[in-house]
Amino acid sequence: MNKMIFEYDAHEGKTYSLPKTAIDNRSFAPIEKYMRKTEAKLPDLCEYQVAEHFKSLLSDTACTGDKFLNNIFDDMSRLDGFTGVHPYQLPDACQGALELVFTLGHMLCDMFGMKQFTFQPSSVTGGVLTALGIIKAYAEKQRKNRKVILVSEDADEALLSYIEKSGFEAKKLDFGTAELDKEELSAVAGAVMEISPLKTRDLSHIFDIAAILRDNDCIVCCDANKMKSFIGELRPGDMGFDMMYFDVENVFEVANFEGECDCAALGVTDKLSGFMPVPAIEIDDEEQYYLSFDKPDSIGKVNDFYGDFSCLIKTISYILSLGFDGLKEKAHLNALQEKYGKLCSD
Amino acid sequence: MNGFMLNTNKSTEEMLEKLGLSSTDEIYGTIPEDVRLREPFALPEALGEYDLKKVMQNLAGRNISAGDAVCFLGAGVYDHFVPSIVNKISGYASFGLNGGGNASESQGILQAVYELQIYMQQLTGMEAVNTTLNGMSGALEKAAMIALAESGKKKIAVSHSVNPEYRKCLETYCKAFDVKLVEIGCADGVSSTDELIKAMGDDCALVIVQSPDYFGNIEDMEALALKAHENETLFAAITDPLSLALLQTPGEYKADITIGNGQPLGGALLYGTHYFAYIGVNDNLKHYIEDGIVNMLSDGKFTLNSKDSCTSSRILSALSGAVYISAMGSEGLRAAAQACYSNAYYTFEKLTATSAFKPVFNKLFFREFAVKATKKNVNDINNRMLDYGMIGGVALKNNYPELGNAWLVAVTEKRSADEVELFVKEASRSI
């Protein structure tokens, strides 16, 4: 076991360095009443001790896995022109950041057959929550009191609990075989269906169901977390989906380790673009990018600032590195590995 | 491209054979013919490492970076000094994990997160702190969830002086979950106790106040918490972790919950990318924040309580936070906070000594303050500052129209007397 940082002997003398400002320290007298009365017990160590401590902690982090090394993507996310951008800078002062996010959104629209993408939602739950928020806002706008969300029979607990918390009712169906009752469809606000390489047989039926749902003005949403096996072969937009969401690191292999990225992507077709979270990045006649908050039907902000920008830098780097052929080749390999993994575990 | 396709398990041919397939194409055979993609979507030709770098450097070069410019912009994300060791160690950890490792299985990283939890307990004065939340929206959601579950009530009151960014996230959350959200009015840039009482009523689960608030003003948290408690309402404080090296802690003013963004503790600006966020509570509410907390077992091993993988998201930034605090130490943190306090007052006095700026509030503040520009629109001032390599403050009128032509200026420990002098000179020039 490693030593705790509190067990090191306190270093004698000053242990830190701060910028030289030539501004005198001011007396605390005016804020005396609002100052902390108890002392924060934190160690005062020299850099040598801090380095020794963390080096010993990290000596056992090396992991072996079957992912490629993405050092270049990491490096790109640490470029000074990205790490030093403040989220409230004027558009003129962050055209590069805006262009990056705008361009990535467009790439994904082409890749998946959608009209608009947002990267604001957090990973894991953010995509689902935003999707449900949009379904709710759409139903309200249509003045329809629709409370049912269709989900697959193996829908996870998190999805079911968010459906309930959002004031909807989940109804389970087997999307590979289900016959929809048209009478009941008037109560259905939307459906969340997964596309998986293990269920490619369902695809044709999902295609048919999506058409019926759309005819009845239900929102058809794709849980696209397995989309990494379909890039270049299939676009949810062509399948009849109005909306799709996925954790970026599930579809593009940009995370060094599981859970590193805090970013979900959510795409919609024309019908739903007015409900997307604000701000959207748009481009004006002079080809200047700007943030647009002027969306009266928007569900609002779903995250502080604009999502995990660092992850977006890595994602666009990944896509540019692979190109269409590379992405498609990778999708084939992913699908094969997924199917093979299933075979081995059965 | 092939470098990204490492396949160590079995060769493609072997897998195909075992699956009884002749090619991977067959996997897609059941896609309805009319939707299977036949034409490639538009993408430029694949780039090698060097060419990718050129493209990305070009994009990065079209931003003005606080690395080159002098930044007076804050409002929740601050340009603080970060010792080199912070990024060195996080890069080292990231490289070690590279290859699909799981951070939550690394004892060393878990120990660092455990130590950060203790640091944050010390800084906040709360009994338990979780440091692996997904940004401030995740922290706000958690705080709301605790209060709603604990009280059974469905109303939340949030102060007008809370960062609008956070209030907008709360609005979306409350709308989605049918929770009533009301606002606590302000007087002179801080939450008013009378308005607090009015806003709470008798069905309020949670009061949320921020100190230093969005304007940098130090709120009277003790009085506000007392009023909430008299009303049997939980009190959540949004805190700035660096300010806690100096200012009264949520533990001292008896907040039930504190949340905050860890960014001032070694985080880059990175266009607002989430660093770690924290939530602190006392023992009576501890069971609500277990998910994502690192515990030490009796055999000295560390374990992450995790129901789902999302809690591991911010582990690497939690590690950076731990390194930052360790490198600064108690004295360094206090000195950095004192410099923020001193530099902000210095800049405020210089600005308001000119005829171009007036104070907006008459309150004590930390690191950040609001001034009203008397001669020029603050958007024009900000544009002009860029010409001089400076990033000006936030124009407050978008979110606070009642404040008129007001400017929110942040001054961290990085700003020197020379920089402030140039800033004041250019900001107050009347042309």
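**Helix packing and nonpolar cores in a predicted model**

The crossing of helices α4(A) and α10(A) is left-handed, in a structure that is a predicted model. The two helices, α4 (residues 95-112) of chain A and α10(A), pack at an angle of about 45°, and their axes lie 10 Å apart.

- On the α4(A) side, the contact is made by A97(A), L100(A), V101(A), T103(A), L104(A), M107(A), L108(A) and M111(A).
- On the α10(A) side, the contributing residues are F309(A), L312(A), I313(A), T315(A), I316(A), I319(A), L320(A) and L327(A).

**Nonpolar cores**
- The largest nonpolar core comprises 110 residues, and those with the most contacts inside it are L108(A), F112(A), L213(A), F246(A) and F252(A).
- Helix α10 (residues 309-345) of chain A gives the most to this core, contributing 15 residues.
- When neighbours within four places in sequence are left aside, F252(A) is in contact with L108(A), M111(A), F112(A), I231(A), F246(A), T315(A), Y318(A) and I319(A).
- A second, separate core of 84 residues includes A40(A) and F257(A) from chain A together with A336(B) and A417(B) from chain B.

**Domains of chain A**
- Chain A is divided into domain 1, which is made up of 1-16 + 40-62, and domain 2, which covers 72-345.
- The centres of domain 1 and domain 2 of chain A, taken over C-alpha atoms, are separated by 43 Å.

Note on methods
Residues are numbered from 1 along each chain as its sequence is written. Chains are lettered from A and ligands numbered from 1 in the order in which they are written. This is a predicted model: local features need pLDDT of at least 70, side-chain atom pairs count only at pLDDT 80 or more; totals for chains, interfaces and linings use all residues. Side-chain values use heavy atoms; hydrogens and water are left out. A nonpolar core is a set of buried Ala, Val, Leu, Ile, Met, Phe, Trp, Tyr and Cys residues joined through side-chain atoms within 4.5 Å. Buried means under 20% relative accessible area, exposed over 50%, partly exposed in between (1.4 Å probe, protein chains only). Helices (H or I, at least four residues) and strands (E, at least two) are DSSP runs, numbered from the N terminus. Contact means heavy atoms within 4.5 Å. Domain bounds come from an automatic or database domain assignment. Axes are lines fitted to C-alpha atoms, for helices over the stretch in contact, and angles run from 0 to 180 degrees between N-to-C directions. A crossing is left-handed if the near helix is turned anticlockwise from the far one by less than a right angle, and right-handed if clockwise.
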